[in-house]
Amino acid sequence: MIKNMPSFCFYLFAALLILASLSVILARNPLYNVLALVVAIFSLSSLFVLLEAFFVGIVLLLVYAGAVLVLFLFVVMCLELQSISLSSAQQGRLRLLGILAGVLFSSSFFWAIQSFIKANTLGASSIRGTIETIGKILFTDYLLPFELTSFLLLIAIFGIVSLAQGALSTGKEELPS
Amino acid sequence: MIPLGAYLLLSGLVFSIGIIGVVTSRQVIKVLLSLELLLAACNLSFVTFSKFNGDYTGQLIVFFVILVAAAEVAIGLAIVVLMYRHLSTLQADELRTMKW
């Protein structure tokens, strides 16, 4: 029982991930889409823990489920979202396009993975992505990219503030005086 | 032990689901959520290869991807809110002009 625990957990969280990502794209209510993405991110982070990437798993949980998806929830709940009204011909065309893209992508994935498995059978290594090991590499070999991401975040903040200011000023103009 | 192929298959499936979502949905928020699914699938295969190659670089790349995705989502949602204020709709088909 204990010996089979990792593979049981893998199949459990894999099924959860697939179901949640299906409901991200299929659920009609945008609120349910966002909540399904929370479940998907949670199961993805559990898979990361199964792969012994502990630090990345917890960062994913904190940043995604904690911050990004809450932002999504705020936006979804602030805006009143009307249901999509497409003509049936448009809908049929979109559905056909989506099925075509999905079949194309998944078949190419299956083909690539099959050929890869035939080519070499790698065994799992014994690396463990703890905070210590990841931090050592992050602050030695990857110090420059790490510092550059702080600039990226700064630029993102500037962009958001300027966008919000533009929205505020145009909102004032639209007010009847 | 779970084989490499199982993880890659899962990642490919989630990526395909995300592609279907990006192509078929016409609501901007749904497109953004599907993009998050694409990023999640790529993160999963990065961590898998990191584990099976015995190299930490894949996990570091995932760390950077998460940072960039956070910035992308913040700006994307700001643009979505702006779009709702100007057009009072969230359908991507309504965005026909480059400038308002």
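Predicted model: local features only at pLDDT ≥ 70, side-chain atom pairs only at ≥ 80, totals over all residues.

Biologist: How many of the residues of H2(B) are buried?

Modeller: Burial is judged by counting neighbours: a residue is buried if 20 or more other C-beta atoms lie within 10 Å of its own. In H2(B), 20 of the 26 residues are buried, so this helix is largely enclosed by the rest of the structure. Over chain B, 51% of the 100 residues count as buried.

Biologist: At what angle do H2(B) and H3(B) pack?

Modeller: One reads the angle together with the distance between axes. For H2(B) and H3(B) the angle is about 175°, and their axes are 9 Å apart. Angles over 145 degrees count as roughly antiparallel, so H2(B) is roughly antiparallel to H3(B). The residues making this contact include B:Leu32, B:Leu39 and B:Phe46 of H2(B), and B:Val62, B:Val65 and B:Val73 of H3(B). By class, the contact has 15 nonpolar, 6 polar and 1 charged residues.

Biologist: How many helices and strands does the secondary structure of chain B come to?

Modeller: An inventory of elements is followed by their order. Chain B has 3 helices and 0 strands, and its elements run α-α-α from the N terminus on.

Biologist: What radius of gyration does chain B have, and what would a compact globule of 100 residues have?

Modeller: Here a chain is set against a reference globule. Chain B has 17 Å, whereas a compact globule of 100 residues would have a radius of gyration near 13 Å. The C-alpha trace of chain B spans about 55 × 25 × 20 Å along its principal axes. As for contacts in chain B with a separation of 6 or more, 47% are between residues 24 or more positions apart.

Biologist: How many residues does the contact take from chain B and from chain A?

Modeller: An interface is described by its contributors on each side. This one takes 59 residues from chain B and 68 residues from chain A. On the side of chain B that touches chain A, helices H1, H2 and H3 of chain B each supply at least two residues. The largest share, 21 residues, comes from H3(B). By class, the residues of that side divide into 41 nonpolar, 13 polar and 5 charged.

Notes:
Residues numbered from 1 in each chain as written. Chains lettered and ligands numbered in written order. Contact = placed C-beta atoms within 7 Å. Helix = DSSP H or I, 4+ residues; strand = E, 2+ residues; numbered from the N terminus. Nonpolar A, V, L, I, M, F, W, Y, C, P; charged D, E, K, R; others polar. Axes fitted to C-alpha atoms, helices over the stretch in contact; angles between N-to-C directions. Parallel < 35°, antiparallel > 145°, perpendicular 65-115°, else oblique. Buried ≥ 20, exposed ≤ 12 C-beta atoms within 10 Å, placed from the backbone. Rg over C-alpha atoms; globule rule 2.2 N^0.38 Å.
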